[in-house]
Amino acid sequence: MSEEDILRLVRRYCAEIYVVDPATVTPRTTLVDDLESDSMSLLELRAALGGHGLDIDPSDFTMEMTVGDVARLAHRSYLARHTAG
C-alpha cells in the first residue's frame with residue numbers, strides 16, 4: 001500500500017468521522033483546529049486505520065497533527081509491519 005493510498009484512506013475516514021465533505025479534507029487539514037477533533041474521535045480514527053493493519057501509537061498523536069501527518073505515521077507503520085522479519 002502506497003503512502004498515497006493511505007492518505008486517501010485517512011481522508012475518507014476523516015470525512016466520515018468528522019462529518020465533513022471529503023473534498024475539504026486535504027493533507028494540510030489539521031485534526032484539532034480544522035476538524036475539531038477530540039480524544040474520542042482520535043480513538044475512532046485510530047481504530048478505523050487499525051482495521052487495515054495501520055496501527056499508530058497514541059503517543060504519536062499531537063495537537064498540531066495534520067491529515068498528512070497521520071497518513072505518514074500510518075505508512076511508516078505499514079512499512080514496519082511489511083518489511084520486518
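In the predicted model, the side chains of Ser41 and Tyr18 are joined by a polar contact of 3.4 Å, a term denoting a pair of N or O atoms within 3.5 Å in which, within protein, one must be able to donate a hydrogen and the other to accept it, residues adjacent in sequence counting only if both atoms are side-chain atoms. Because the structure is a predicted model, local features need pLDDT of at least 70 and side-chain atom pairs count only at pLDDT 80 or more, whereas totals for chains, interfaces and linings use all residues. Residues are numbered from 1 along each chain as its sequence is written, and side-chain values use heavy atoms, with hydrogens and water left out.

Ser41 belongs to helix α2, which spans residues 39-50, and is buried, with a relative accessible area of 10% (buried: under 20%, 1.4 Å probe, protein chains only). When neighbours within four places in sequence are left aside, Ser41 is in contact (heavy atoms within 4.5 Å) with Ile17 and Tyr18; the C-alpha atoms of Ser41 and Ile17 are 6.9 Å apart in space, although the two residues are 24 apart in sequence.

The largest nonpolar core contains 26 residues, of which Val10, Cys14, Leu31, Leu45, Leu49, Val67 and Val70 touch the most other members; such a core is a set of buried Ala, Val, Leu, Ile, Met, Phe, Trp, Tyr and Cys residues joined through side-chain atoms within 4.5 Å. Two or more residues of this core come from each of α1 (3-18), α2 and α3 (67-83) (helices being DSSP runs of H or I, at least four residues, numbered from the N terminus).

Note on methods: Buried < 20%, exposed > 50% of the residue type's maximum accessible area, 1.4 Å probe, protein only.
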